[in-house]
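Reader: I am new to this structure. Please pick one part, look at it closely, and then show me what lies around it.

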Amino acid sequence: MPALTKRERVLRTVRFEETDRTPLYDIFQNDAVIEYYGGEKLTAENGDRVKSAAVGRVLDMTRMPTGPDTPRIERREDGIVFRYERWTLWIIERPWHDTRGLIEWIKREIARAEAAVYDRAYAERFHDSLRGWLAAYAAADPTGRGDPTVMIVESGVGLTEMYWAVGTETFCYLMADYPDLVEEWLDARNRAELRRVAAIADPRLFPIALTYDDIAYKTAPLFSPKWLRRYWFPRLKKLNDAWHGRDTYCLFHSDGNLFPVLDDLVVAGIDGLNPLEVLAGMSVGKVRQKYPKLFLTGGIDVSQLLSFGAPDEVRAACRQAIAEADGRGYFLGSTTELHWDVKLENAIAMFETAWETDQASRPSPPTG
Amino acid sequence: MTKEMTSKERVLTAFARQEPDRVPINYLSNPGIDRRLKDHFGLAADDHEGLRQALGVDFRGVYPRYVGPKLHEDVPGRHVDNWGIHRRWVEHESGGYWDYCDFPLEHATEEAVAAWPMPDPDNFDYSEIAETCKRFGQFAVNGSGGFGDIINANGMLRTMQQTLIDLVTDDPAGLLLADRRMNIQIEICARILDAAKGGVDFIWMGEDLGTQRGPTISMKTFRKQIRPRYQKYCDLARAYNLPIMMHCCGSSSWAFDDFLEMGITIADTLQPEAKDMAPAYLKARYGDRMAFHGCISTAGPVAYGTVDEAVAYCKEIMDIMMPGGGYCFAPTHALQDNSPTENVVAMYEVAQTCGRY
């Protein structure tokens with residue numbers, strides 16, 4: 001088979017069609033990997049450019065395109081204060097001190113979501129930004145064809161940011177004590193996202209949306225299936241329907257063991273699944289066997305294998321995952337992102353396993 | 001047959017990894033099952049000593065009475081203790097829990113933590129300690145000044161989420177909270193030991209280090225943040241030549257080698273379902289260096305099985321853990337309200353009848 005473009009490879013994989021090789025989907029948040037393939041020392045100043053060069057050289061599909069953050073403390077528009085480090089951020093202050101204050105804050109957040117405007121100007125800004133990333137990826141294409149890495153666009157149902165903002169323990173009490181308020185908030189966020197979808201969807205620019213919420217941990221869902229079925233799945237379905245209505249595939253992302261609710265996810269219209277957290281039991285083989293029509297992405301454990309394992313072990317895991325997928329409908333990649341603990345030699349071993357069937361598209365290390 | 005021992009002799013023999021006359025027995029429970037057991041034995045709701053005697057419990061504890069001022073205001077619908085921890089009653093299918101809530105120090109600064117009212121070791125009455133030890137003289141007496149319990153207890157005031165962030169990011173407010181609480185407990189313990197005049201037999205501390213699947217924190221974080229803070233507590237116990245028992249729910253055997261280096265020679269609670277916590281694994285790997293306390297699952301046959309299944313399960317655990325000594329029969333953490341009364345009664349009967357050496 002002649003070498004495909006990245007977009008062709010991605011779309012043929014999504015459709016379970018034959019490809020020249022297994023595509024790579026990942027997120028780069030690792031200085032060593034970015035510097036190796038980007039060819040320069042990575043700084044906060046050159047981060048977007050060098051990371052784009054590395055992504056463009058290596059990956060068929062990606063998201064979260066920006067480089068490392070400048071360490072800082074910043075108060076967001078909603079009043080929450082964050083500490084930013086190079087590749088992560090966390091909350092250090094919340095703008096309420098008691099339940100009454102929290103409820104008032106949530107009501108303001110609901111109003112903010114209701115008022116969010118996604119008009120033509122927003123869409124143009126969004127599309128211009130996306131075109132900028134795609135151009136940077138195209139410039140780095142190792143084949144010289146100007147073939148850009150496919151960018152997927154994140155589109156949350158709305159729940160993750162809610163429990164993150166409030167804090168896990170407090171959110172549990174909120175769900176028990178104020179279920180109507182939680183639903184009102186989730187609904188406002190969901191409807192805002194549906195408006196955003198209507199504004200930005202453009203399958204020529206990005207053919208796949210990442211619909212998401214982290215709803216599970218290693219052993220089971222974070223929320224009861226009963227709660228999810230009542231409050232969350234109907235809104236995930238609306239979101240998937242909105243993207244499908246605009247000819248965009250839906251790759252669903254949640255960490256953790258999703259098996260107890262995977263039937264519901266399929267009914268809600270997901271086309272693919274990410275990141276297949278193998279240590280939570282979500283191996284490529286198990287998911288493929290039970291849900292043969294879902295295209296799959298990830299499945300190479302980043303918490304232990306890519307961080308602490310050896311290249312031979314990584315190669316073996318990659319070959320096994322590709323074999324379990326029977327070579328179709330599968331993107332090789334880490335279980336979410338290549339974070340800063342991943343060993344460079346392990347990342348290279350993963351990429352080379354994807355490239356081993358296609359020497360033409362294998363990038364040589366940059367010089368200089 | 002080994003001669004009949006007192007409870008104290010029995011426990012200290014087991015702690016020394018020798019075979020006593022029978023396996024020592026301990027009892028910890030949630031309020032619902034505790035009340036039902038007292039009903040079963042015809043005891044008053046506050047007859048804690050009567051229940052311990054009915055179950056053949058070999059352990060007792062002493063703690064000084066707080067006589068200082070009230071440190072934190074009451075909050076409607078909450079129970080607020082002297083550390084400022086807020087609890088609310090949350091019911092479940094078979095009872096309820098006083099669950100932590102409000103988390104008043106979640107985003108407190110270092111200054112706010114420094115100013116947070118906490119019990120002063122001076123404001124406890126240690127005058128009854130020696131007499132209580134004397135009254136419990138035949139039993140093994142715990143003289144702990146508190147569990148330590150950095151992760152859990154900080155979590156009660158700052159949320160578990162923030163506490164884990166504190167440990168990873170060296171947040172000075174979170175670390176100060178841990179230090180202040182730990183130092184107060186160590187000081188209270190020192191005064192208990194001084195007041196007890198030799199009447200205390202062991203120190204019981206605790207830190208939940210595991211989930212069911214593995215460590216809650218990395219070894220690196222344990223050695224940087226947890227171990228040094230406990231070492232001061234361990235050093236106090238060792239100065240009094242007292243054995244130290246460490247309560248650790250979840251998968252915690254990953255830290256046992258460090259425990260031994262710290263001077264901790266008894267591991268509690270031993271949840272057999274958790275990773276690397278199977279009784280046979282623990283006995284084979286650490287049985288020549290550590291004694292064990294716990295291991296009777298509160299999420300297994302005692303909670304969900306028939307009486308016969310609960311009895312068979314307890315026998316199986318004793319068969320693994322008792323040989324050579326070094327085992328104290330007790331539930332993992334505490335009996336939960338969903339355990340049928342008859343199963344728990346049978347659990348303690350089988351320990352007394354089949355726990356003989």
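Author: Start with Glu124(A), which sits in helix α5 (residues 120–139) of chain A. Helices here are DSSP runs of H or I with at least four residues, strands are runs of E with at least two, and both are numbered from the N terminus. The model is predicted: local features need pLDDT of at least 70, side-chain atom pairs count only at pLDDT 80 or more, and totals for chains, interfaces and linings use all residues. Residues count from 1 along each chain as its sequence is written, while chains are lettered from A and ligands numbered from 1 in the order in which they are written.

Is Glu124(A) buried or exposed? It is exposed, because 12 other C-beta atoms lie within 10 Å. The cut-offs: 20 or more such atoms within 10 Å means buried, 12 or fewer exposed, anything in between partly exposed, with C-beta atoms placed from the backbone. Ser307(A) is 183 residues away along the chain, and the two C-alpha atoms are 39 Å apart.

Now turn to chain B. It holds 14 helices and 12 strands. Of its 357 residues, 45% are buried. The C-alpha trace spans about 60 × 45 × 45 Å along its principal axes.

Next, the sheet. Five strands of chain B form an open, parallel sheet in the order β8-β9-β10-β11-β12. β8 (203–206) and β12 (327–331) of chain B are the edges; each has a single partner strand, so one side of each lacks a neighbour in the sheet. Strands pair if DSSP finds at least two bridges between them. In chain B, β9 (residues 244–248) and β10 (residues 266–269) pair in the parallel sense over four bridges. There, Met245(B) stands opposite Ile266(B) of β10(B).

Last, two helices. The axes of α8 (residues 172–196) and α9 (residues 219–239) of chain B come within 10 Å and cross at roughly 5 degrees. Axes are lines fitted to C-alpha atoms, for helices over the stretch in contact, and angles run from 0 to 180 degrees between N-to-C directions. α8(B) and α9(B) are therefore roughly parallel; angles under 35 degrees count as such, over 145 as roughly antiparallel, 65 to 115 as roughly perpendicular, and the rest as oblique.
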